Amino acid sequence: MTEGIGDPRLSAEGELALARMALDEADFGHAADHVAGALAHAPTMPEVHELLAKLAARTGGALDLYPLADHVFIGAVVARSHLLAAAGQPGEALELLAAATGHAPNADWAGVPWVADPELATRIEPDQLARTIMQVCAGVPDPVPDEQRGPLQPYLRVAKHAATAHPGHALLLGAASALARRMGETAIAIDWAQRGVRVAPTKLGEVWLGYAYRSAGRTKESIAALRRAVAHDPADLSVYADIAGTLADSGQLDEAIRWIDDALARDAEFDCAVHTAHRLRYRRDGKLSHLVALADFQRHHPDDSHEHTDLAECCQDLPWLGRLPAAGEAVINVLRQMLETEGPITGGRLRLSNLEPPSAMRTVGAALPDMAVIVERVPEPDLRLPRRTGGRSVWEFFETDALPALREPSEAAVERIRQIALPAWPHPQAAYDAALSLALLEMDDLLALLVHPPAPPATELGTALAAHDPSLWVRSVQVWACLGLLHHRTDEPWESSTRRRVLADLAWGVEDWITEAALFALVTAAWVAPEVRADVAGLIRDRLADIAVVVRQRPVTIAWSVAQLALATPELDAKTELMARAIIAAERPVEEPPAPPPPRRTGLLRRLFRR
């Protein structure tokens with residue numbers, strides 16, 4: 001298969017040229033490979049199908065040229081599908097196309113004439129049609145985003161033809177309803193599900209009908225259908241979870257929790273019920289303990305939990321639980337405003353009434369090297385001094401200028417952090433798991449990354465951050481470097497471990513973004529290891545209490561963020577929680593809703609900025 005060169009049609013034409021040469025030389029194996037390559041680039045291109053037909057004519061069908069194996073190329077699967085359809089085996093052919101769609105749902109594998117033929121549904125057994133449609137449903141989102149629906153339209157047409165050809169097949173009607181619902185065709189989905197239930201009332205049929213009603217916003221009818229599904233099979237606790245979720249979405253939270261409690265009374269370990277229960281209880285009272293308990297359950301039941309997103313949904317867009325808060329320093333606010341101006345930025349002078357954290361000051365210096373930043377005073381307690389002495393220093397100061405006290409990181413460390421550093425994560429446990437790839441880096445490299453953050457990668461996200469808010473990238477690097485430290489020497493007992501000592505030293509060092517990053521790593525340790533929770537809660541309590549003292553004497557730009565970290569800490573005592581909430585209420589919110597951004601801000605960055 002030749003390398004793609006940007007234009008799929010040109011790439012397919014290159015493959016076709018090679019396929020024709022091989023076919024002229026009766027080199028049927030290589031011809032088949034290149035035709036498969038062409039199909040992968042342009043699955044609906046007529047010339048590709050013409051050459052596939054010629055290959056079949058020369059080789060007696062060509063099916064033996066496209067055997068199915070464990071690691072078969074997707075183009076070969078699609079080629080075999082078309083050959084099977086031509087050989088009068090449309091059922092197996094459609095199943096193979098559905099498999100290709102499950103592997104690469106954005107490609108138009110099924111946009112070919114034989115799939116569009118209304119008679120196709122009459123040539124396939126309805127049971128096989130139902131299985132194939134369910135196979136398509138299993139491989140696509142629910143619902144399918146508008147921009148991804150085009151390649152799935154051929155399957156919806158097949159479903160419509162099948163519902164007409166087999167009006168008395170309940171399983172087929174229900175499967176067709178499920179596909180139509182995913183495609184946003186709720187009226188059709190309801191009609192087909194209703195017809196299926198009338199033909200043969202079953203648990204699955206009622207579930208499909210309940211889902212169709214729910215997608216249409218008809219909550220009362222959805223609950224009624226799901227209740228009938230429970231009556232068909234009271235032992236299927238997943239339907240209890242569906243009912244609870246539907247009730248909760250309609251505002252009936254107490255009734256929803258009663259349903260999920262009933263399911264847990266029948267099986268306290270049933271994964272759907274456990275996930276739903278913790279999510280709904282957190283939704284009701286906002287207590288972090290529900291999310292921590294869910295994380296513990298996921299860790300102990302990985303096989304049962306991998307398909308559930310309840311924890312991620314609860315943590316989404318919440319400071320530290322699901323994302324990195326934006327920096328709130330005055331110098332960073334000025335930087336963002338200046339980066340939004342048109343044209344190059346040169347020269348200028350910025351006066352700060354108070355010195356701000358070294359990471360913030362250096363981020364501005366790196367982004368605006370020609371701007372002079374003048375600090376009018378350094379209020380007490382002196383920000384340049386660590387809050388506790390004796391730890392390893394990562395900064396050194398010359399007047400108000402901060403310089404790294406460590407060597408630069410290795411190229412390997414720079415490359416690794418560029419691959420992993422992001423300002424968001426599903427939940428703390430997922431962030432911990434993702435940081436495992438940093439475990440092989442030396443501790444000196446991880447520490448060096450804190451004060452020598454590399455330039456962001458040349459990705460869409462990296463480019464957007466560099467152009468609009470470099471601070472978010474720097475903070476991301478620091479957070480992930482500290483998560484990497486959490487994976488350092490994990491064989492050591494926690495209390496006397498190197499990782500705890502280093503992170504605690506960073507947390508009590510110079511007041512900086514690094515303080516936040518180190519504290520988040522400690523909080524993450526508490527999420528993944530119940531035995532360290534009391535210790536971490538004590539560390540957070542003491543650090544927040546110190547901030548509460550300092551903030552009465554001078555501004556502490558990280559106070560709001562650290563208070564949010566406290567609220568994300570498992571087993572935090574009630575007094576410290578009240579202190580955190582008081583700081584959040586008193587401090588100027590770092591995350592105020594932004595004014596409408598100027599047109600030049602990218603849509604990607606608009607989603608990331610949550611100030």
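Which residue in S2 does Arg 349 stand opposite? Arg 349 stands opposite Ala 372 in S2. The structure is a predicted model. This briefing covers its pockets and cavities, a pair of strands, a group of aromatic rings, and some points of the backbone. The largest pocket has a volume of about 1,200 Å³, and the second largest pocket has one of about 450 Å³.

**Strands S1 and S2**

- Strand S1 covers residues 349-352, and strand S2 covers residues 372-375.
- The two strands pair in the parallel sense, over 4 bridges.
- Besides Arg 349, which faces Ala 372, Leu 350 has an opposite residue in S2, namely Val 373.
- The covered face of S1 holds Leu 350 and Leu 352, while its uncovered face holds Arg 349 and Arg 351.
- Together with helix H20 (residues 358-367), S1 and S2 make a β-α-β unit, and this unit is right-handed.

**The largest pocket**

- This pocket, with its volume of about 1,200 Å³, is lined by 38 residues.
- Asp 142, Arg 182, Tyr 211, Arg 214 and Asp 242 are the lining residues that lie nearest its centre.
- By class, the lining holds 15 charged, 12 nonpolar and 11 polar residues.
- At least two lining residues come from each of the helices H7 (126-138), H9 (170-182), H11 (203-215), H13 (237-249), H15, H17 (302-305) and H18 (310-315).
- Asp 142, one of the residues nearest the centre, is joined to Pro 143 by a cis peptide bond with omega of about 0°.

**The second largest pocket**

- The lining of this pocket consists of 21 residues, and Gly 286, Leu 288, Leu 567, Ala 568 and Arg 581 lie nearest the centre.
- Two or more residues of this lining come from each of H15, helix H16 (288-300), helix H29 (559-567) and helix H30 (574-586).
- The lining divides into 11 nonpolar, 6 charged and 4 polar residues.
- Arg 284 is partly exposed, with a relative accessible area of 45%.
- Between Arg 284 and Leu 253 the C-alpha to C-alpha distance is 7.2 Å, although the two are 31 residues apart in sequence.

**Cavities**

- The model has 4 cavities of 30 Å³ or more.
- The largest cavity holds about 40 Å³ of space.
- The lining of the largest cavity has 11 residues, and Ala 327, Gly 328, Arg 475, Glu 516 and Thr 557 lie nearest its centre.
- This lining is made up of 5 nonpolar, 3 polar and 3 charged residues.

**Aromatic rings**

- There are 4 aromatic pairs in the model.
- In one of them, the rings of Trp 425 and Trp 480 have centres 6.2 Å apart and planes at 80°, so the pair counts as edge-to-face.
- This pair links distant parts of the chain, as its two residues are 55 residues apart.
- Trp 425 is in the loop between helix H21 (411-420) and helix H22 (428-434), whereas Trp 480 is in helix H25 (residues 470-486).
- Trp 425 has a relative accessible area of 6% and is buried.
- Trp 480 is buried too, with a relative accessible area of 3%.
- Ring pairs join Trp 320, Trp 425, Trp 480 and Phe 520 into a cluster.

**Backbone points**

- Most residues other than glycine have a negative phi, and most peptide bonds are trans.
- Trp 320, a member of the ring cluster, has a positive phi, near 70°.
- Trp 320 is placed in the loop between H18 and helix H19 (330-339).
- The relative accessibility of Trp 320 is 1%, so the residue counts as buried.
- Arg 489 also has a positive phi, near 50°.
- The loop between H25 and helix H26 (498-507) contains Arg 489.
- Arg 489 is partly exposed, with a relative accessible area of 45%.
- Another cis peptide bond runs from Glu 380 to Pro 381, with omega near -10°.
- Pro 381 is in the loop between S2 and strand S3 (395-398).

Notes. Residues are numbered from 1 along each chain as its sequence is written. This is a predicted model: local features need pLDDT of at least 70, side-chain atom pairs count only at pLDDT 80 or more; totals for chains, interfaces and linings use all residues. Side-chain values use heavy atoms; hydrogens and water are left out. On a 1 Å grid over the protein atoms alone, a cavity is a set of points where a 1.4 Å probe fits but cannot get out, and a pocket is an open set with protein on both sides within 12 Å along at least five of seven lines; lining residues have an atom within 4 Å of a point. Grid points are joined across faces, edges and corners, and a volume is the space filled by probe spheres set on the points. Ala, Val, Leu, Ile, Met, Phe, Trp, Tyr, Cys and Pro count as nonpolar, Asp, Glu, Lys and Arg as charged, and the others, Gly among them, as polar. Buried means under 20% relative accessible area, exposed over 50%, partly exposed in between (1.4 Å probe, protein chains only). Two strands pair if DSSP finds at least two bridges between them. A crossover is right-handed if, with the strands pointing away from the viewer, the path from the first strand over the helix to the second runs clockwise. Rings of Phe, Tyr and Trp (its six-membered ring) pair if their centres lie within 6.5 Å; planes under 30 degrees apart count as stacked, over 60 as edge-to-face and the rest as tilted.
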